[in-house]
Amino acid sequence: MIAMLTVVPGFPGPQTPLNPAGPQALHIEHTLFLIFWITSIVTAIVFAVLAFGVVRRHAKGAMPPAFEVDPETERRATWVVGGAIGITILLLFVMMISSFITSHKTAVLADSTALTVNVYGHEWWWEVEYPNEAQPNQIFHTANEIHVPAGTVVDIHGTSRDVIHSFWAPNIHGKKDLLPGYWNDLTFEVDQPGTWRGQCAEFCGLQHAHMAFSIVAQSHEDYDRWYLGQLKPAAEPQTPQTIHGREVFLSHPCMMCHTIRGTTAGATVGPDLTHISSRSTIAAGTLINNVGNLTGWIANAQSIKPGCRMPPNPMPANDLNDLVAYLETLQ
């Protein structure tokens with residue numbers, strides 16, 4: 001079955017429960033296939049019986065003039081119906097027990113020592129925080145990308161800043177609702193390096209469909225390198241163009257919503273931009289992070305993602321180009 005499905009478009013993709021990247025998703029996949037086969041076989045039997053009845057009645061011709069009760073036929077029908085009911089109850093119990101076993105296996109990691117990542121759902125993006133209780137000055141924030149070391153237990157400690165969101169990366173685990181004022185935890189492990197797409201699975205407003213995130217599993221060496229890089233403040237601009245770009249950022253409404261560590265910009269309304277150039281997408285997975293998309297997003301995000309909290313930023317073309325050039329240096 002797995003070999004057949006590999007030719008189906010999307011099956012081996014980065015956002016499907018049929019391509020598990022961790023033990024929790026693998027247990028969910030097994031239950032999914034069990035239920036799929038049970039319901040498929042039952043459906044096939046039901047249609048076969050219906051087809052047999054239609055063909056048999058058609059072969060006999062017209063309906064008999066009077067309805068006659070045959071005790072032997074009634075007895076056989078009673079046994080058939082009773083047997084069908086018994087098999088149905090048995091299959092329902094099989095699916096229920098399988099679901100309980102899967103729920104238990106997906107929750108086992110909750111007792112493990114885990115890397116904690118705080119995730120905050122916003123309309124319509126994901127704030128990601130890497131806490132450090134021992135050294136609070138080593139806490140940093142990023143957006144829409146969750147980097148984790150492969151083979152390590154990770155605890156997503158999540159809540160919402162506004163409405164109900166649902167955190168779902170189907171290759172990794174099941175869904176977990178993020179509720180304003182409450183914290184929920186989702187514990188998982190990714191088997192090998194790779195990038196897996198997730199998104200909000202609870203309707204949360206106009207741009208719900210454009211509220212995606214990525215889980216980036218890396219080797220321990222690559223993760224440590226990324227982690228240390230994220231702890232650093234923003235790089236100092238080195239050219240007249242990027243120096244002017246930073247001045248544009250700090251003199252326009254940008255600094256009223258965003259943080260760039262190492263500068264006077266420290267607002268938390270929008271994503272932290274300290275290392276924006278290191279991210280693969282912008283606008284919560286809506287756009288590839290490149291010069292053209294970043295320029296369009298800054299100039300008029302509403303034309304790309306209507307209803308988002310990013311207002312248009314009219315400015316001279318040279319200011320906009322220099323601002324983008326500066327942001328491109330923030331690796």
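**Exercise 1. Find the residues that Lys176 touches, and say where Lys176 sits.**

Step 1: Start with the contacts, where contact means heavy atoms within 4.5 Å. Not counting residues up to four places away in sequence, Lys176 touches His165, Ser166, Phe167, Asn184, Asp185 and Leu186.

Step 2: Before going on, note that this is a predicted model, in which local features need pLDDT of at least 70 and side-chain atom pairs count only at pLDDT 80 or more, while totals for chains, interfaces and linings use all residues. Residues are numbered from 1 along each chain as its sequence is written, and side-chain values use heavy atoms, with hydrogens and water left out.

Step 3: Lys176 belongs to strand 7 (residues 176-178); helices (H or I, at least four residues) and strands (E, at least two) are DSSP runs, numbered from the N terminus.

Step 4: Check the accessibility. Buried means under 20% relative accessible area, exposed over 50%, and partly exposed in between (1.4 Å probe, protein chains only). Lys176 has a relative accessible area of 27%, so this residue is partly exposed.

**Exercise 2. Decide whether Glu189 is buried or exposed, and list its contacts.**

Step 1: Look for Glu189 in strand 8 (residues 184-189).

Step 2: Glu189 counts as buried because its relative accessibility is 19%.

Step 3: Leaving aside neighbours within four places in sequence, Glu189 is in contact with Ala21, Gly22, Pro23, Gln24, Leu109, Gly151, Thr152 and Val153.

**Exercise 3. Work out how many salt bridges the structure holds, and describe each pair.**

Step 1: Recall the idea. Side chains of opposite charge can pair when their charged atoms come close. A salt bridge is a side-chain nitrogen of Lys or Arg within 4 Å of a carboxyl oxygen of Asp or Glu. The structure holds three of these.

Step 2: Take Arg161 and Glu127, whose closest N and O atoms are 3.9 Å apart. Arg161 is partly exposed at 48% relative accessible area, whereas Glu127 is buried at 11%.

Step 3: Turn to Arg225 and Asp222, with their closest N and O atoms 2.7 Å apart. Both are in helix 4 (residues 220-231), three residues apart, so about one helical turn separates them. Arg225 counts as exposed at 55% relative accessibility, and Asp222 as partly exposed at 35%.

Step 4: Finish with Arg246 and Glu236, where the closest N and O atoms are 3.0 Å apart. Arg246 lies in helix 5 (residues 240-251) and Glu236 in the loop between helix 4 and helix 5, so the pair ties together parts ten residues apart in sequence. Arg246 is partly exposed, with a relative accessible area of 22%, and Glu236 is partly exposed at 47%.

**Exercise 4. Locate Pro311 and give its distance to Thr142.**

Step 1: Find Pro311 in the loop between helix 6 (291-300) and helix 7 (317-328).

Step 2: Pro311 is partly exposed, because its relative accessible area is 38%.

Step 3: From C-alpha to C-alpha, Pro311 and Thr142 are 21 Å apart in space, and they are 169 residues apart in sequence.
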